[in-house]
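Here are my notes for you, as a set of numbered points. Keep the structure open while you read and look up each residue as it comes along.

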Amino acid sequence: MNGKQLRLGIDLGGTSAKVGVVDEHAKVLHAVSVPTSEDFDKAADDMAIAARQAARLAGMEITDFPFAGAGVPSMINPATGRMVFANNTGWHDAPMREALEKRLGIPVKLANDADCALLAEAKAGAAQGFAHALMLTLGTGVGSAMIINGHLFPGGDGMGMEAGHLPLVAGGYPCTCGASGCLEAYVSATGLAAIAREMLAEHPHSALNASNMKLTGRTIFGAAEQGDRAATLIIDRYCEYLAQGIGGLITVFRPQVLVIGGGISHAGPPLFDRLNARVPKYIFAYEQIGGPDMRPAALGNDAGIVGAAFLDQA
Ligand SMILES: [Zn+2]
């Protein structure tokens, strides 16, 4: 292995799959990205080809690696290595571990992408040095993961946690899971857009009503920064829902740090200042015992690859 302890991590997303060779300091040395095919076999083929390319860039063969780690946007059945359901691609019960092991010829460790993101943050990012950490990723959906006593929380069946589907509002917005009022339906990027659409009906003069305006975290936080009153009110309401969900999770699980990743976390202080002002009132006995530090994820786009590469330390 070139005398170095190099690792191979695969990060399968809804639009692209990234494969990286990672060093022992959690640094991505070489990475190759391919579009995610909606066809399962084609997607597995493409990931294996990208893995070989990434290995070659590091002057290695796939078989030089003791294992490959892969983070995928789905619950995983650890017994079978199958993706239970990936709503981005519509795959049900997809045998990803078997497909990758067959193509790569080495053992594959498979995990949920949010678990990989938190594992990476614990290894070299915002959750480093904490035995108990909780992470939410606020993207198209809401990912969640938790580290307890230094290890990823597996749940009784090894399928982890899905805090995005925590019931938040009785009879609330419909959720992608089929239920209504889930945390994800309010605090994902999709949820933020839904809150915005509802509130903009009462604010006809907002710049966000422009016909070519896409309602995203970037445009809404951007409009607020430009002084758009409606955008500010939308963000306030969004942060109230998010604070309520976070406060509940903190009260139950008592993490030492709460890491927020995903596209919306890039909003920075306008998001975190509001959360710091609102979350305490949703934490039980906050006055007496306080609450954890809330921080943005530190590793950005590399987190999925890094976490997957360190799945042997999960
Ligand atoms: Zn749901």
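**Notes on the model**

1. Let's begin with a loop: Ala-26 sits in the one between strand S2 (16–22) and strand S3 (28–35). Strands here are DSSP runs of E with at least two residues, helices are runs of H or I with at least four, and both are numbered from the N terminus. Ala-26 has a phi near 70°, which is a positive value in a residue other than glycine. With 11% relative accessibility, Ala-26 counts as buried. That word means under 20% relative accessible area, while exposed means over 50% and partly exposed is in between, using a 1.4 Å probe and protein chains only.

2. Before going on, some ground rules. This is a predicted model, in which local features need pLDDT of at least 70 and side-chain atom pairs count only at pLDDT 80 or more, while totals for chains, interfaces and linings use all residues. Residues are numbered from 1 along each chain as its sequence is written, and side-chain values use heavy atoms, with hydrogens and water left out.

3. Now compare a second residue with positive phi. Asp-93, which is not a glycine either, has phi near 55°. You'll find Asp-93 in strand S7 (residues 91–94). Asp-93 is partly exposed, at 43% relative accessible area.

4. S2 and S3 belong to an open sheet of five strands, in the order S3-S2-S1-S4-S8, with mixed pairing. Which strands are at the edges? They are S3 and S8, each of which pairs on one side only. Neighbouring strands of this sheet are turned by 20° against each other on average, direction ignored. Two strands count as paired if DSSP finds at least two bridges between them. In general, strands of a sheet pair through backbone hydrogen bonds, either parallel or antiparallel.

5. Strand S4 (residues 68–72) and S8 run parallel and are joined by five bridges. Ala-70 stands opposite Leu-110 in S8, and Ala-68 has Val-108 as its bridge partner there. Strand S8 (residues 108–112) is mostly covered, with four of its five residues buried.

6. Helices lie across this sheet as well. H3 lies across S4 and S8, at about 100° to S8. The angles run from 0 to 180 degrees between N-to-C directions, and the axes are lines fitted to C-alpha atoms, for helices over the stretch in contact.

7. Stay with H1 for a moment and find Asp-46, which is in this helix (residues 40–57). Is Asp-46 buried or exposed? Asp-46 is buried, with a relative accessible area of 14%. Leaving aside residues up to four places away in sequence, Asp-46 touches Val-34, Pro-35 and Ser-37. Contact here means heavy atoms within 4.5 Å.

8. Another open sheet of five strands has the order S11-S10-S9-S12-S13, again with mixed pairing. Strand S11 (151–152) and strand S13 (293–296) are at the edges with a single partner strand each, so one side of each has no neighbour in the sheet. Strand S10 (residues 142–148) runs antiparallel to S11, and two bridges join them. Helix H3 (residues 113–124) packs on this sheet, where H3 touches strand S9 (133–138), S10, S11 and strand S12 (257–261).

9. Helix H8 (residues 269–278) lies across S12 and S13, at about 165° to S13. Its buried residues are Leu-271, Phe-272, Arg-274, Leu-275 and Arg-278. Seen down the axis of H8, these fall within an arc of 160°, so they line one face of the helix. The arc is that of the directions from the helix axis to the C-beta atoms. The buried residues of H8 pack against helix H6 (217–225), helix H7 (229–253), S12 and S13. On the face turned away from the buried side, H8 carries the exposed residues Pro-269 and Ala-277.

10. Last stop, the metal. What coordinates the zinc ion? The donors are His-165 (ND1), Cys-175 (SG), Cys-177 (SG) and Cys-182 (SG), at 2.0 to 2.3 Å. Donors are N, O and S atoms within 2.8 Å of the metal (3.2 Å for Na, K and Ca), and water is not among the atoms, so sites may look incomplete. The four donor atoms subtend angles of 102 to 122°, which makes the arrangement tetrahedral; four donors get that label if all angles lie between 85 and 135 degrees. Cys-175 is buried, at 10% relative accessible area, whereas Cys-177 is partly exposed, at 44%.

Definitions and conventions. Four donors count as tetrahedral if all angles lie between 85 and 135 degrees; four count as square planar and six as octahedral if opposite donors are over 155 degrees apart and all others between 65 and 115; anything else is irregular.
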